[in-house]
Amino acid sequence: MNISSAVFDRSAPDLDSCPDESLPEFAFIGRSNVGKSSLLNMIAGEQGLARVSPTPGFTKLINVFTMNRCWRLVDLPGYGFAQGARKDRARFSLAVGDYLENRTNLCLVFALIEAGLPPQAIDLEFVEWLVRHAVPFVLVYTKTDKIPAATAQANIAAFTDRISAWFEKPPAAFTCSAVTRQGRQELLGVIDEQMTAIDGASIRPEIPPEDAPELSLQARLRENRKLRPDRNRPW
Ligand SMILES: Nc1nc2c(ncn2[C@@H]2O[C@H](COP(=O)(O)OP(=O)(O)O)[C@@H](O)[C@H]2O)c(=O)[nH]1
Ligand SMILES: [Mg+2]
């Protein structure tokens, strides 16, 4: 898939302020500084589309971009550690929780994990939250250019091992680098596949085409999830 246009839509403080739900959305989430904005720019093929910061950012805004005029990329605020009693608890804003649970046009979440780090409690906890809330996601290991391939492989194997009990089949996982552009085609491929699957889900063989109602995007997403062998588990 080629990206012919990438346009900033808006920064939304909460779900209600997000654009209408007519276009399929793909959202990036992960720890603050994991490389969400850089990856979004790399996928879009446009530096400076989403703001990249060398220090962990504290933006609480949901940044929405429209791609090829027909689907969206969403840069979600990063999660961090909670202050106070349970310091190891992954905390993300109410807006992010609301978006992930209730956004009806959300196709797939890209959950970013830094490839150079051994499994972090905060990431494990967040992935568990995604599983518990039946949010469809794939894992994306970032910044592979910073470390030897063997280190990334060891960290990925350790993370996969830590989450394996939650799945019959582990979620799809990708490695990427915003510097070398590793993973770009693979992630665009995943988006393409999802878009095709949603389109396909509008064709319901049990209903003759002329009687088939025009299904909304939301209905097609629901159908698509039903077609998955294990619909409550991501991939
Ligand atoms: N070497 C390297 N640095 C990266 C990569 N992706 C992001 N960074 C750097 O990591 C920092 C945080 O990136 P950013 O995209 O703002 O992370 P975000 O907070 O998750 O949106 C910035 O200094 C980026 O330049 C990558 O793939 N490789
Ligand atoms: Mg960012």
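This is a predicted model: local features need pLDDT of at least 70, side-chain atom pairs count only at pLDDT 80 or more; totals for chains, interfaces and linings use all residues.
Residues are numbered from 1 along each chain as its sequence is written, chains are lettered from A and ligands numbered from 1 in the order in which they are written, and side-chain values use heavy atoms, with hydrogens and water left out.

**Helix α3 itself**
- α3 covers residues 121–132 and spans 16 Å from first C-alpha to last, close to the expected 16 Å (1.5 Å times one less than its number of residues).
- Nine of its twelve residues are buried (under 20% relative accessible area, 1.4 Å probe, protein chains only).
- Among those buried residues are Phe126, Trp129 and Leu130, along with the charged-type names Asp123 and Glu125.
- After α3 comes alanine 134, with a positive phi near 55°.

**α3 against α4**
- The axes of α3 and α4 (residues 149–163) come within 11 Å and cross at roughly 45° (axes are lines fitted to C-alpha atoms, for helices over the stretch in contact).
- Asp123, Leu124 and Val127 of α3 meet Phe159, Arg162 and Ile163 of α4 (heavy atoms within 4.5 Å).
- That contact has four nonpolar residues, no polar ones and two charged ones.

- In α2 (residues 94–102), the buried residues include Tyr99 and Leu100.
- α3 is one of the elements covering the buried residues of α2, and β7 (106–114) is another.

Definitions and conventions:
Helices (H or I, at least four residues) and strands (E, at least two) are DSSP runs, numbered from the N terminus. Buried means under 20% relative accessible area, exposed over 50%, partly exposed in between (1.4 Å probe, protein chains only). Axes are lines fitted to C-alpha atoms, for helices over the stretch in contact, and angles run from 0 to 180 degrees between N-to-C directions.
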